[in-house]
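Please read the numbered points below alongside the model.

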Amino acid sequence: MKDSRVIRTGRWRRGAAVAALVVAPLLLAACGSSSDNAKPAAAAKGPYGFQTEAQDASAPITVWVDSTRLAAAQAFQKAFPNVKIKIENYDGNANGSNTFKTKMALFDKAGSGWPDVTFTTDNNSASWGSADGTGSLAPLDKGLVPAATLDGFAKGAMDVCSINGTVYCLRNDLAQNVLWYNKKLMDEFGYPVPTTWEEYEALADKVATEHPGYLVGTAGDAWAPEIYMWAAECPANKVTGATSITVDTSDPNCVKAAKLLDKTIANKTMSTLSLFGPEFVKNQGAKVLLLPGPSWYGGAVFQGTIKTPKGEIAVAPALHWADQNPPSTGNVGGGTWWISSHSKNLKAARDFAVWVTTADAYQVDLAPGFPAYSAAAAKWLAKQQASGYWANDISAPIIAAAGQVWPGWGSAAFSQEAIWAKVVQAGMAKGDSVESLLPAWQKEIENQAQVNGYKVN
Amino acid sequence: MHRAPRSRSRAGSWAPRNGHLFVLPYLLLLLLFGAGPVLYSVYLAFTDGDGRFAGVSNFTQTAGDFRFVPAVTHVAAFVLIWLVSLTVFVVLLALVVHRVVSRRSRTALRFAYFVPGALAGASSVMLWLFLLDPSVSPVSSLLHQLGYDKFTDVIAPGHLPSIFALVAFWTGAGGWILVLYGALNTISTEVVEAAKVDGAGPIRTAVSIELPMIRKWIVYMLILSFAAGTQLFVEPQLVSQASFGIVPNDYSVNQLAYQYAFTQNNFNGSAALSVGLLLVSVICASVFVARGRLFETD
């Protein structure tokens, strides 16, 4: 890499090249045509409420999936061998990578290349994908997907898909936060399972003195605010319109969550390592007593990463603050499927997206997370329970938490996770308290919002 | 290594036709993948999203961005550390190789210097990520002794310019050691013999004879390294991903340009940042060329 850069830049020293640089833009400006994505005025809208490309029912569809959802695409291929489908693997837009948006911007620039259906793990795509010119994702509730199908999804499941009341995606799985705990250890230590964050904090103190080394949670991942700040109803991410947001991290709700984190980090019951990094698995994986987090932690963390033995892990209702009525919880991700408005075979794209989100053959039999489609969710829970892995009945707390996700935390076009990592986690690594980092967090959200075209109130 | 020395371009070198034929494919590729994109980005930098002339507004917008000054500071710190260490160590090591008398150990040393450079940029950064993570590093005891127990301790913001300089040195210095070694070989033995007769020791010979005679190669190395260094991208990008975003993805100017193009869909702002980098490189190169008297023929 270095060498190619070296050689290339070396040539620029020539004076002639420099002179050319000055003259050329004028020439280009004179003969260059507008290469940008200004769309023709939406004159003729098709049967689906947006301008479609010429349709070809036999055209192959391209689908982008992450490695976990590869199984979904393959299951579809098996069920419908006649539909021509091209599966491409990508990072699923995880960890604020922005790959989906990056590639779509390039395809917009090139005027071709869009995938027909894309899976993402983040919740930021509706805000930019709904805008003309960037991605131009297809609205789904204007005729493309039947209303009966859309109604079958859990209440609130499509919030992250919706901009100004129009639905742009199908939710794959819900990611409501609950309280995971190791029942075997809790029984052994004789601790009751906490129901409020206040009880949780008190228990953390006890664990710190009586069983040092054991953990009541982790705050080492970029989605920590979506567990602790979101549940505290901290107004750090209140999206009030398509391009407006209000941010107030000095709110008492944010401060109390920050204090809780600082206290538990200080007494070492809160890990600051990433759940999916090598250090956590190696050194702390067996020390997890409590773990507030999304419904997918069950499969991804306990069964997948730290491999807790069968019969130890249980689920309790999501923690809430004592003064909350009704109780609130947060949400970490939850996958979504998007259809491109540029698809040349919208019917096949639609059928694919509907199938992977609703069909038992994927959502019940193969999916690792809690399905957003209600009928599949009930069967999925029954199957989980039958597996014998869990130490209690996990369905009631998970279903209850699905309806408790606080709606005041929005999905803007920029990644809140990237901001938290850059400002708060970097500060924590230096030893700063979360509370002392709240003003810097505020500033960074405002800055990011502004460069992404948001008005900050 | 990269090209014939400049001093050869005397009158008469225009004569052979075969030479032009050999250069032609390179010239075509240069126009297509070098000059073409540069011209296009200059066009983008002075226009807006609809292709209208935008004056310098893209430049003022990007320079006023809250991420701009930190990014410039990061890159400046890195370039400074890297260029100083590159100059000092590459010259020293080249002199050492040149002094080694045994032909076999000289060959072995040259090969050893060159090996890291053969690894492509991204893969060598990955290698360093493993080396610097206390939980998986083969030298983890050393890291623990230095007080670094976690990966995030190692990649604290203050350490990053030095870490990136270390990685860049490790991957890039070997080639330059060989270039300077080659340059040292061009010094006529008579001159060195004469110095010896006059009583100059190895240090005096190095400082008064050899260094002045390879000055042009050192300047050449600095120009190319400066241009490459200001384009810092792969190292912070991978460290950003490995640290799950604690090292921001807008650490360097080039990363900021990438953010402009691909997360803000503002190719014009991105082009403005890139053209700015190009200007800085061209200006600094001109200074180096003038001061280093690079184009003077002996």
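1. Basis of the note. This is a predicted model, in which local features need pLDDT of at least 70, side-chain atom pairs count only at pLDDT 80 or more, and totals for chains, interfaces and linings use all residues. Residues are numbered from 1 along each chain as its sequence is written, while chains are lettered from A and ligands numbered from 1 in the order in which they are written.

2. Chain A overall. Chain A contains 18 helices and 15 strands; helices (H or I, at least four residues) and strands (E, at least two) are DSSP runs, numbered from the N terminus. Of its 457 residues, 46% are buried, a term that requires 20 or more other C-beta atoms, placed from the backbone, within 10 Å of the residue's own. Among the contacts in chain A with a separation of 6 or more, 77% join residues 24 or more positions apart; a contact means that two C-beta atoms, placed from the backbone, lie within 7 Å.

3. Domains of chain A. The chain is divided into domain 1 (61-174 + 333-372) and domain 2 (177-331 + 407-456), with bounds from an automatic or database domain assignment. Their C-alpha centres lie 28 Å apart. The contact takes 19 residues from domain 1 and 16 residues from domain 2. On the domain 1 side, the largest share, 3 residues, comes from helix α5 (residues 125-129) of chain A.

4. Helix α18 of chain A. This helix (residues 434-451) has 18 residues, which should span 26 Å at 1.5 Å a residue; the end C-alpha atoms are 25 Å apart, in agreement. The expected span is 1.5 Å times one less than the number of residues. A kink of about 30° is centred on A:Ala440, the bend being the angle between axes fitted to the seven residues ending there and the seven starting there. The buried residues of α18(A) include A:Leu437, A:Trp441 and A:Ile445. Their cover includes β10 (244-246), α10 (252-266), α17 (416-429) and β15 (455-456) of chain A. After α18(A) comes A:Gly453, with a positive phi near 85°.

5. Helix α5 of chain B. Which residues of α5(B) are buried? They are B:Gly121, B:Ser124, B:Val125, B:Trp128, B:Leu129 and B:Leu132. These residues lie on the same side of α5(B), because they cover an arc of only 150° around the axis; the arc is that of the directions from the helix axis to the C-beta atoms.

Conventions
A residue is buried if 20 or more other C-beta atoms lie within 10 Å of its own, exposed if 12 or fewer, and partly exposed in between; C-beta atoms are placed from the backbone.
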